[in-house]
Amino acid sequence: MNAICFTVPGKPQGKARARTFYNPKTKGMSSITPEKTVLYENLIATCYMDKAGNDRFPDDSYLLVRIQAFYEPPKSVSKKKRTEMLDGKILPAKKPDIDNVVKAVLDALNGVAYRDDTQVVELHVRKSYSEKPRVEVSIEKI
């Protein structure tokens, strides 16, 4: 496989921090990834597999990943401001942080699209507004 593009429908989500706690059963520290993050990462992996099946990039390949996160403009904004948002004059400088969106996408594809996200050597990311919230992902072999 040399390249693939796929779309994750719905509002972009970032990867939430794992919760760490003392586990008396193991007498050590344990970490749990929040359920919302697990569900979103499963959705990303499913969207990839719907497009690529079981195909995966070779373990020795270098990868370029492009991620575009589209946010829906708030319902409360004026028509003028909404138009500016949809035209790209106003960008979504809001949560989730762009690095957390990237982390969710790359971690979700570990072992699914590639062996490990260490293979990603180039990354292009952008946040935009759209009537249809989604995340578009493109992966290509360099």
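Reader: Leaving aside its neighbours within four places in sequence, which residues is L91 in contact with?

Author: L91 is in contact with R126, K127 and Y129, once those sequence neighbours are set aside. Please bear in mind that this is a predicted model.

Reader: What can be said of I90?

Author: I90 also lies in the loop between helix 2 and helix 3. With a relative accessible area of 23%, I90 is partly exposed, because the term buried requires under 20%. Not counting residues up to four places away in sequence, I90 touches K81, E84, M85 and Y129.

Reader: How far apart are the C-alpha atoms of I90 and E41?

Author: They are separated by 28 Å, and the two residues are 49 residues apart along the chain. For L91 and I142, 51 residues apart along the chain, the C-alpha separation is 30 Å.

Reader: Which residues of helix 1 and helix 3 meet?

Author: From helix 1, Y40, E41, I44 and A45 meet A104, V105, D107 and A108 of helix 3. The residues of this contact comprise 6 nonpolar, no polar and 2 charged. As a general idea, an α-helix has 3.6 residues a turn, so residues three or four places apart point the same way.

Reader: Which residues of helix 3 are buried, and what do they pack against?

Author: The buried residues of helix 3 are V101, V102, A104, V105, L106, D107 and A108. They pack against helix 1, strand 4, strand 5 and strand 6.

Reader: How should I read a sheet? In what order do the 4 strands of the open sheet stand?

Author: In general, the side chains of a regular strand alternate between the two faces of the sheet. In this model the order of the 4 strands is 1-6-4-5, with mixed pairing. Strand 1 (3-9) and strand 5 (120-129) are the edge strands, each pairing on one side only. From one strand to the next, the twist averages 10°.

Reader: How many bridges join strand 4 to strand 6?

Author: Strand 4 (residues 63-71) and strand 6 (residues 134-141) run antiparallel and are joined by 8 bridges. L64 stands opposite E140 in strand 6. Helix 1 lies across strand 1 and strand 6, and runs at about 135° to strand 1.

Reader: In what sense do strand 2 and strand 3 pair?

Author: Strand 2 (residues 19-23) and strand 3 (residues 28-32) pair in the antiparallel sense over 5 bridges. Y22 has M29 in strand 3 as its bridge partner. The hairpin of these strands has 4 residues between them, and K27 takes a positive phi near 55° there.

Note on methods: Residues numbered from 1 in each chain as written. Predicted model: local features only at pLDDT ≥ 70, side-chain atom pairs only at ≥ 80, totals over all residues. Heavy atoms only, no water. Contact = heavy atoms within 4.5 Å. Helix = DSSP H or I, 4+ residues; strand = E, 2+ residues; numbered from the N terminus. Buried < 20%, exposed > 50% of the residue type's maximum accessible area, 1.4 Å probe, protein only. Nonpolar A, V, L, I, M, F, W, Y, C, P; charged D, E, K, R; others polar. Pairing = 2+ DSSP bridges. Axes fitted to C-alpha atoms, helices over the stretch in contact; angles between N-to-C directions.
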